[in-house]
Amino acid sequence: MKLHGSLSALLAFLIPLTAAGDLDSRFTDPVEETKPWCYWYWLGGDITAEGLTRDLESMAEVGIKKAFTASISGRPREGRPHVEILTDDWMELFRHALREAHRLDIEIGMFNSPGYSMSGGPWNKPEQSMRHVIWTETPAEGGGFSEVVRPVSKFPVQDIAVMAVPRRPFASISSRPDGNVIRFQSEEPITARSMSLEVGPKYTFAGTLHAKLADGSSRQLLRLDRPDNSRDTCDSQPTAPEIYSFAEVTAKEFILELEGATRKLLSATISAEPKVSQPYEKQLARLHARQFPEWKQHVYPDTVEPAGRGLVLQANEVHLIDERPDAEGRLTCTLPEGSWTVLCFGMTSTGKTNIPAPPEATGLECDKLSKEHTRHHLESMFTPIFAKLSAEERSVIKTIVADSYEAGTQNWTDDFDQILEQRIGYDPIRFLPTFTGRTVNSAEASDTFLSDLRRTVADLISENYLATINEYGDEVGLDVWMENYGSWGFPGDALYYGKHADMVSGEFWMGRPMGVQMCRIASSTAHIYGKPRVFAESYTSFIKPFHHPYVMKRRAEELFTHGVNHAVLHVVVHQPQEGVPGRNPWFGIQFHRNTPWFMSSRSWVKYHQRMHTMLQEGKPSADIAVYYGDFSPITVGPENPVPHGYDFDYINSDVLLNHLEFEDSRWVIDLPGASSYGALVIPDTGHVRPAVARRIAELKKAGGPVFDSLPITGDDLASTGLNPVVWDANQDFKWKVRETGSGRIFLLCNFERTGPFEANLKVEGLQPEFFDPVTGQIRKLATWREVKGGTRVRFQIDDLADSCFVVFREPAVEPSVTAVDGPIHLWLDDAGGLVAEGDQSGIHAVTSSDGSTKQVQIEAHQSAIELQPHGEPDAKGLQTYTSRFVLPSGIRPANPIRLDLGDVQIMAGGSLNGRELETRWMPPFAWEVGEFLRPGENRVEIVVSPLNQDTPARIGGPTVLKWEVVTWR
């Protein structure tokens, strides 16, 4: 049953916790709902019905539950068909895919736009698109005025306001770079207050501005660092001047000393005019995006207050002109006496289009601040498609998909002056000169207006764009899945943005650090707004032939410890033909039926299901809520705000203002399914709105623990009674914990080294159980002991990619093993007896919590098996090996016996005496086969999957049967 919105979250947390046996069965053999999803890209219009069928059949075979379809740009191969999106031919293929998905019980999600980002199409007109403010400045004198003033754009310009502001003379000095220096010199001293730099596309610079004073000393005025803005295509005014203010100083000479790489810094001007610091950034015309978003990257420097009030334009000095430019852009009016600058403000399309979409489906991005224009886009996209589907076909589509925000910025929309005034409480029109760099009323007032504007844009993107997609989804019976962060110019508030979707997702890459912050933002959004599942676009990368499940495992589990509990695999690409290497995009894991190891990946997919099962069990657990600020844009929170043994979520202004209270010694969010916290962290992040400042003051008086600086230390938290959840480990590792009604579930992974692992876990009086997500094996851990405030567990790490869930749910079985003098595994059997396993012969001392000591002797045996290739590799490089062997004397099939292949490249599975050997995709490539063996001759068949077409499949061996004789004394 599919549930929507907050109701699903409420029910998820009200469902009674399952019995132990039920969890065991769901872990060993996971249920349908835990199957991973995938992206399913159709590239360059090269689409065939046969290929669609085979794609879906292969997804069903390996265990994919839902596929997100997206039509992506790409060059059709010579001689191949090119089906244009939304044509009758395309519709027939799409309907065929839906029918086949229905037959195979696969659900379909549709991107809300051609391409994957964001919400654009040829149906969006310029006046319905994302728009930004542009202007002209025309000098004028009092009296009759008639000039062409409307700004020019490649798109139509809609008028916002026309005004005249007093024109005041300000001294200035301009200069150009000479090597790594820009030197400004004047015959007469000037009192300087600002610097403007002219830049070209994709500029970068860093340096320090000094003034040389009359007494020969030097004063530092500014420290600048503008890193490479290589993705300036998402900015509406990427080459606008860089403007900075500083405390006024009088001098004849100024020096800007440049450091490191400097590119496209054309000239600079020192001026006596008091200007707004970074006005183009503050108005969202340029976000100077970084490849990996950082907290506070959009906390801009305050504008310096000039000493003289008469230097600053006052709002009551702004002369608003009622007349509007005519069709040719000419303004005819009468100006009051004096010298003026006529400012004509208009809005025009940013020109941003959906990417990477086929040319016939590429068009302007819809206006993200407008419910009306967002709905127009959605109806234009979906209504013609839905009208042509049968009821059965339509029933397969379950989800609207909104990928990461990559549509760039906008800062105006229809009637935005009225919307702004209603939200901020004052007339925004008289503050429009701040867009040009002019200071209005005061430096503080100018910065506040621009901050209010950015905050309003952020809120409207959430309320008018994403919430409208969700409302539309409710109307047509579809959930909305979205990635609630942005790259290269996200002008919103990530947590508030994610509030308005049914399902939120992060993203992580292979080979790049991007991912931790995005996934933490998604999980925090889910936890504070009561969404039980946290998704991640998983394993995104630039195509690398060496990526396969084993090498990807540690990276995935790192992100699971940041709150992800359902993977969306990136990417299955439609394969119109058979043959290795198949059709691939320029990025993403090669994960499709023409990848040699794809059809062997069912056990890897099942591993994901086990991870999902455990990480969706119970509810999330984090003791600390970290406020990430009221500034905007804001994409991520502070990195590593708490010590290693504690967990945290980010919270935002919406939660502070509307949902957070201190009750029963916890900070409680009053939303169904939302988390609660033991401590609250509210660091200083600069400007906050008055209502937020008042609420913060109230919360600090509520009686609960509140910290106001980062990072928080363990001593800080211990002083409030909050002790770590994990502590005193013998090596570095990563972890996540889930709360259940009877105990806790710990994910432990990303170990620093192999060998014995020990750590204290915050659970008392319960038995630790070891759940292996790769094999599905569940065993009671024998090696543990009670410590103050928790349980110290000990087990062996055999491979750096190992991971496990340690589950506490039943009363502890005493005595436990508190010490063992060797690298062996110790478990409890169903009767509570000790079971020892080891790969090497030896005698080991075992000490129990009751003080008793035992010795266990392990005699390790093995017998070689000769596997031989059976024929040649098949068309995709899979190689079959076979062997017939007789059990060695003295071995009993009832004993624990392992078939171990040794070194394998890269996956292996098969059968023994007709019984399935589930594919292994990481070491050890071994199976427990005691119950499969029989006296006399045994037959084994192994199929090995290669990495790619250039790397043959192989078993490096040695292949052996392994068994131990264990003696206790």
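Which residues point one way from strand 3, and which the other way? Glu107, Gly109 and Phe111 take one side, Ile108 and Met110 take the other, and all are buried, where buried stands for under 20% relative accessible area, exposed for over 50% and partly exposed for anything in between (1.4 Å probe, protein chains only). The model here is predicted, so local features need pLDDT of at least 70 and side-chain atom pairs count only at pLDDT 80 or more, while totals for chains, interfaces and linings use all residues. Residues are numbered from 1 along each chain as its sequence is written, and side-chain values use heavy atoms, with hydrogens and water left out.

Strands (E, at least two residues) and helices (H or I, at least four) are DSSP runs numbered from the N terminus. Two strands are called paired if DSSP finds at least two bridges between them. Strand 3 pairs with strand 2 (residues 66–72) in the parallel sense over 4 bridges, and Thr69 sits opposite Met110 there. To get from strand 2 to strand 3, the chain goes through helix 4 (residues 88–104), and this β-α-β crossover is right-handed; that is, with the strands pointing away from the viewer, the path from the first strand over the helix to the second runs clockwise. Strand 3 also pairs with strand 13 (residues 397–402), again in the parallel sense and over 4 bridges. In that pairing, Met110 stands opposite Ile400.

An open sheet is built from 5 strands in the order 40-41-47-44-45, with antiparallel pairing. Strand 40 (868–869) and strand 45 (915–920) are at the edges with a single partner strand each, so one side of each is left without a neighbour in the sheet. Strand 40 pairs with strand 41 (residues 879–886) in the antiparallel sense over 2 bridges, and Pro869 has Tyr881 of strand 41 as its bridge partner.

On the helix side, helix 6 (residues 371–386) and helix 9 (residues 443–476) have axes that come within 9 Å and cross at roughly 35°. Axes are lines fitted to C-alpha atoms, for helices over the stretch in contact, and angles run from 0 to 180 degrees between N-to-C directions. The crossing is right-handed, meaning that the near helix is turned clockwise from the far one by less than a right angle. Residues making the contact (heavy atoms within 4.5 Å) include Leu378 and Phe382 of helix 6 and Tyr465 and Tyr472 of helix 9.

Arg898 lies in strand 42 (residues 897–900) and counts as buried at 15% relative accessibility. Its side chain makes a polar contact with the side chain of Glu964 at 2.8 Å; such a contact is a pair of N or O atoms within 3.5 Å, where, within protein, one must be able to donate a hydrogen and the other to accept it, and residues adjacent in sequence count only if both atoms are side-chain atoms. Leaving aside neighbours within four places in sequence, Arg898 is in contact with several residues, among them Asp839, Trp927 and Leu961.

Gly200 is placed in strand 7 (residues 181–212) and is buried, with a relative accessible area of 5%. Not counting residues up to four places away in sequence, Gly200 touches Thr239, Lys264 and Leu266. His547 is in the loop between strand 16 (534–540) and helix 12 (549–560), and counts as buried at 8% relative accessibility.
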